Amino acid sequence: MSKKYIATPSKTKELLTKYKFSFKKSLGQNFLVDVNVLENIVKHAGIDKTSGAIEIGPGMGALTEQLALYADQVVAFEIDQRLLPILKDTLQDYSNVEVIHQDILEANVAEVIHTHFKPGQDVHVVANLPYYITTPILMKLVRDKLPVKSLTVMIQKEVAERMAAEPNSKSYGSLTIAVQYYTEAKVVMTVPKRVFMPQPNVDSSILQLVVRQEPPVHVENEDFFFKLVQASFAQRRKTLRNNLFSYFKEQYTKDNINEVLETIGMDGTRRGESLDMAEFALLANAFYNIK
Ligand code: SAM
């Protein structure tokens with residue numbers, strides 16, 4: 001008899017009834033009920049029998065089960081206490097899974113990696129993320145410079161497009177630069193709403209982030225760099241020069257700003273969205289160095 005996976009509509013419904021579980025919208029609970037999609041996520045995540053996997057929000061264990069089957073060791077962070085007995089039940093056959101009852105935003109992930117995985121083991125983050133906090137979770141994980149190879153996550157389609165965007169596109173903005181400074185970002189597939197229970201209102205995509213060993217550009221001061229990027233996109237219809245005038249109005253005269261732009265050979269009539277990461281680094285370093 002073939003195994004009945006957790007990620008099916010019938011098994012999910014059975015668990016909902018058995019545990020009288022009701023979905024909490026406020027926790028972004030849209031569970032996956034399609035094994036093919038899950039296998040796709042795991043495949044794109046580069047998981048194999050030597051890998052460690054970190055999951056955020058196991059829910060009833062749909063993705064956790066696939067990770068347990070394909071990876072060496074799995075650690076999953078779940079915030080909702082009501083899911084703990086369910087996970088204990090659904091994952092009882094898998095000895096390589098540990099569920100930690102904690103808000104991922106408060107977790108010391110570096111410590112967990114150190115204590116739960118083998119030294120030198122490749123670790124990948126894989127998750128169907130709660131949509132209400134996708135960006136804070138991903139930014140925390142990439143900024144913390146964890147020893148993680150990649151993050152492969154199901155997120156809202158529009159956010160995935162912003163994170164993986166190219167210059168001169170509608171989706172390109174400060175979030176793109178923030179994510180691509182730390183990782184190489186790629187949308188690997190879009191996913192229809194019908195693979196979730198309950199179905200979300202928005203479309204979803206699988207985003208893959210491969211963690212960079214080094215940032216792709218040299219910046220003198222990261223905080224200042226990210227602030228300047230944000231300022232350059234503050235009003236998308238304005239020119240770069242005008243956004244910089246507003247941002248630096250307490251500090252520099254228009255002449256000062258024009259001078260810096262001229263020194264680095266940057267046309268101030270361009271829009272922020274036309275600058276690639278190297279140009280933002282050039283701009284930020286020039287202003288940082290005259291401080
Ligand atoms: N992985 C399951 C699946 O694919 O069926 C569930 C995914 S569901 C979109 C998101 C999960 O994240 C829920 O189980 C929810 O309770 C959990 N969650 C929400 N906020 C969280 C947080 N801050 N830390 C950890 N887990 C969280």
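In this report, a contact means that heavy atoms lie within 4.5 Å. The structure is a predicted model in which local features need pLDDT of at least 70 and side-chain atom pairs count only at pLDDT 80 or more, while totals for chains, interfaces and linings use all residues. Residues are numbered from 1 along each chain as its sequence is written, and side-chain values use heavy atoms, with hydrogens and water left out.

Not counting residues up to four places away in sequence, T134 touches L129, I155 and V159. T134 belongs to helix α6 (residues 134–143); helices (H or I, at least four residues) and strands (E, at least two) are DSSP runs, numbered from the N terminus. Is T134 buried or exposed? Buried means under 20% relative accessible area, exposed over 50%, and partly exposed in between (1.4 Å probe, protein chains only). T134 counts as buried because its relative accessibility is 4%.

T17, in helix α1 (residues 9–18), is exposed because its relative accessible area is 62%. The side chain of T17 reaches the backbone oxygen of K13 at 2.9 Å.

Strand β5 (residues 123–128) has 6 of its 6 residues buried, so it is largely enclosed by the rest of the structure. In a regular strand the side chains alternate between the two faces of the sheet. On one side of β5 are V123, V125 and A127, on the other H124, V126 and N128, and all are buried.

Two strands pair if DSSP finds at least two bridges between them. β5 pairs in the parallel sense with strand β2 (residues 52–56) over 4 bridges, and I54 stands opposite V125. β5 also pairs in the parallel sense with strand β6 (residues 150–156), over 5 bridges, where N128 stands opposite M154. From β5 the chain crosses through α6 to β6 in a right-handed β-α-β crossover; right-handed means that, with the strands pointing away from the viewer, the path from the first strand over the helix to the second runs clockwise.

**The ligand**

Of the 24 residues around the ligand (a heavy atom within 4 Å), L32, G57, E78, D103 and N128 come nearest. The table gives pairs of N or O atoms within 3.5 Å.

| Residue atom | Distance to a ligand oxygen atom |
|---|---|
| L32, polar backbone atom | 2.8 Å |
| E78, polar side-chain atom | 2.6 Å |
| N128, side-chain N or O atom | 2.9 Å |

Taken alone, the ligand exposes 600 Å², of which the protein buries 99%; accessible areas come from the Shrake-Rupley method with a 1.4 Å probe, and for residues only the protein chains shown count as cover.

How values were computed. Polar contact = N/O pair within 3.5 Å; in protein donor to acceptor, adjacent residues only side chain to side chain.
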